[in-house]
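Here's a quick briefing for anyone meeting this structure for the first time. Have a look at it first, then work through the points below.

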Amino acid sequence: RPLHQHGKRGFGTLHRAIQGIPLDGLAARLADQLQEFAAAEALFKRAILRAPQWSHPYAGLANLLARHTFGRLDEAEHEIRKSVEMEPGWARAHDLLAVILRLEGRMHDAEIEARRAIALEPGNEDHYNNYANLLVQMSRLHEAEAQFRLAIEKDPDNAKPYYNLACLYVK
């Protein structure tokens with residue numbers, strides 16, 4: 001039956017369901033799928049206002065600022081550092097901090113954070129792939145190759161490390 005045939009109870013259920021969707025999740029979808037970066041940024045900031053103690057919206061905002069809104073790396077670093085401070089054991093936050101530091105050209109600091117992400121979550125192939133990309137940028141190609149291979153070993157179905165490894169061989 002269509003929702004309107006359920007009366008007030010149906011709309012109440014829908015309203016509660018929509019309210020239960022995390023704003024940072026909606027913001028990420030706006031950015032990744034619809035390329036609506038300004039709206040995504042506003043939603044991330046709203047999520048932070050609603051739950052300032054939760055680290056994930058800060059990380060989402062940092063990711064948006066670093067990867068989709070060019071030239072805002074200082075802001076991105078500021079936001080991801082808040083996330084790391086709130087949840088120091090969250091590997092994804094350390095991984096994103098490493099990516100941001102790499103984009104800023106701070107390779108030594110980026111390597112520390114990349115290694116920390118791997119230590120916290122050694123089963124996540126994205127951490128190895130991102131670390132390998134950092135090593136490529138640092139011209140440490142043999143080490144990068146080993147990290148790409150580890151990423152492939154962790155998830156043989158993930159295309160990113162295969163692609164990056166192929167690009168490494170072309171160099």
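There are 15 salt bridges in this structure, which is a predicted model.

**Salt bridges**

- Start with Glu 77 and Arg 81, which form a salt bridge whose closest N and O atoms are 2.8 Å apart.
- Both residues belong to helix 5 (residues 73-86), and because they are 4 residues apart there, about one helical turn separates Glu 77 from Arg 81.
- Next, look for Asp 109 and Arg 106, whose side chains meet in a salt bridge at 3.4 Å, N to O.
- Here Asp 109 is partly exposed, with a relative accessible area of 29%, and Arg 106 is partly exposed too, with 30%.
- Another salt bridge links Arg 140 to Glu 143, and its closest N and O atoms are 2.8 Å apart.
- Arg 140 comes out at 22% relative accessibility; buried would mean under 20%, so Arg 140 counts as partly exposed.

**The chain as a whole**

- Count up the secondary structure and you get 10 helices and 0 strands.
- Reading from the N terminus, then, the elements go α-α-α-α-α-α-α-α-α-α.
- The chain has 171 residues, and 41% of them are buried.
- Take the contacts between residues at least 6 apart in sequence: 46% of these join residues at least 24 apart.

**Helix 3 with helix 4**

- A word on how such pairs are described: two packed helices get an angle between their axes and a distance between the axes.
- For helix 3 and helix 4, the axes come within 9 Å and cross at roughly 155°.
- Angles over 145 degrees count as roughly antiparallel, so that is the label for helix 3 relative to helix 4.
- The crossing of helix 3 and helix 4 is left-handed.
- On the helix 3 side, the contact is made by Phe 37, Ala 40, Glu 41, Phe 44, Lys 45, Ala 47 and Ile 48.
- Helix 4 brings Pro 57, Tyr 58, Gly 60, Leu 61, Leu 64 and Leu 65 to that contact.
- Sorted by class, the contact of helix 3 with helix 4 has 10 nonpolar, 1 polar and 2 charged residues.

**A closer look at Glu 41**

- Glu 41 sits in helix 3 (residues 37-50) and is one of the residues that helix 3 uses to contact helix 4.
- Is this residue buried or exposed? Glu 41 has 12% relative accessibility, so it counts as buried.
- Leaving aside residues up to four places away in sequence, Glu 41 touches Leu 61, Leu 64, Leu 65 and Arg 72.

**Helix 4 with helix 6**

- Helix 4 (residues 56-67) also packs with helix 6 (residues 91-103), at an angle of about 25° and with the axes 11 Å apart.
- Angles under 35 degrees count as roughly parallel, so helix 4 is roughly parallel to helix 6.
- This crossing of helix 4 and helix 6 is left-handed.
- From helix 4, the contact uses Ala 59, Ala 62, Asn 63, Ala 66 and Arg 67.
- From helix 6, the residues are Arg 92, Leu 96, Val 99, Ile 100 and Leu 103.
- By class, that gives 7 nonpolar, 1 polar and 2 charged residues in the contact of helix 4 with helix 6.

- Where is Ser 139? It lies in the loop between helix 8 (125-137) and helix 9 (141-154).
- The phi of Ser 139 is near 60°, a positive value in a residue other than glycine.
- Ser 139 has 61% relative accessibility, so it counts as exposed.

Notes
Residues are numbered from 1 along each chain as its sequence is written. This is a predicted model: local features need pLDDT of at least 70, side-chain atom pairs count only at pLDDT 80 or more; totals for chains, interfaces and linings use all residues. Side-chain values use heavy atoms; hydrogens and water are left out. Axes are lines fitted to C-alpha atoms, for helices over the stretch in contact, and angles run from 0 to 180 degrees between N-to-C directions. Helices (H or I, at least four residues) and strands (E, at least two) are DSSP runs, numbered from the N terminus. Angles under 35 degrees count as roughly parallel, over 145 as roughly antiparallel, 65 to 115 as roughly perpendicular and the rest as oblique. A crossing is left-handed if the near helix is turned anticlockwise from the far one by less than a right angle, and right-handed if clockwise. Contact means heavy atoms within 4.5 Å. Ala, Val, Leu, Ile, Met, Phe, Trp, Tyr, Cys and Pro count as nonpolar, Asp, Glu, Lys and Arg as charged, and the others, Gly among them, as polar. Buried means under 20% relative accessible area, exposed over 50%, partly exposed in between (1.4 Å probe, protein chains only). A salt bridge is a side-chain nitrogen of Lys or Arg within 4 Å of a carboxyl oxygen of Asp or Glu.
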